[in-house]
Amino acid sequence: NVLFESAAEAFGAETVGVILSGANQDGAKGAERIFSQGGEVFIQDVESAESPAMPEAARSAVPMAKVAPLDVIGKMLLEFDTDDGSWSE
């Protein structure tokens, strides 16, 4: 949470957060801060997560986040242009 919250404060809408498989609720508050500052949040879907607690918590905190299987998130990040917050063609 501290890392995501600090990044959101420093970079605002240019911040991109990624929540992957993990235990507990780590990153959920930080992901919420990123999204509230206009940044983007990507969350691994629970079906592909070995431990779904972190993705579930993040999804609850940021329902509008982009959710995808792990093997798709990397491709999505390559298509995302943080300079203007758009998707490349």
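**Ground rules.** I am working with a predicted model, where local features need pLDDT of at least 70 and side-chain atom pairs count only at pLDDT 80 or more, while totals for chains, interfaces and linings use all residues. I number residues from 1 along each chain as its sequence is written, and side-chain values use heavy atoms, with hydrogens and water left out.

**Entry 1: salt bridges.** How many salt bridges does the rule give? I get two.

I looked up Lys-66 and Glu-40, whose side chains meet in a salt bridge at 2.7 Å, N to O. Lys-66 sits in strand 3 and Glu-40 in strand 2, so to speak distant parts of the chain, 26 residues apart. For these labels I take DSSP runs numbered from the N terminus: helices are H or I with at least four residues, strands are E with at least two.

Lys-66 has 23%, so I call Lys-66 partly exposed.

Then I checked Arg-33, which forms a salt bridge with Glu-9; their closest N and O atoms are 3.1 Å apart. This pair also links distant parts of the chain, with Arg-33 in helix 2 (residues 28-36) and Glu-9 in helix 1 (residues 2-11), 24 residues apart. Arg-33 comes out partly exposed at 30%, whereas Glu-9 is exposed at 52%.

Entry 2: I found three strands in an open sheet, order 1-2-3, with parallel pairing. Strands count as paired if DSSP finds at least two bridges between them. Which strands are at the edges? They are strand 1 (16-19) and strand 3 (66-68), each pairing on one side only. From one strand to the next, the twist averages 20°.

I zoomed in on strand 2 (residues 40-44), which pairs with strand 3 in the parallel sense over three bridges. Gln-44 stands opposite Ala-68 of strand 3.

**Entry 3: helices on the sheet.** Helix 3 (residues 53-61) lies across strand 1, strand 2 and strand 3 and runs at about 145° to strand 2. Helix 4 (residues 70-79) packs on the sheet too, touching strand 1, strand 2 and strand 3, at about 160° to the direction of strand 2. Contact here means heavy atoms within 4.5 Å. My angles run from 0 to 180 degrees between N-to-C directions, using axes fitted to C-alpha atoms, for helices over the stretch in contact.

Definitions and conventions:
Salt bridge = Lys/Arg side-chain N within 4 Å of Asp/Glu carboxyl O. Buried < 20%, exposed > 50% of the residue type's maximum accessible area, 1.4 Å probe, protein only.
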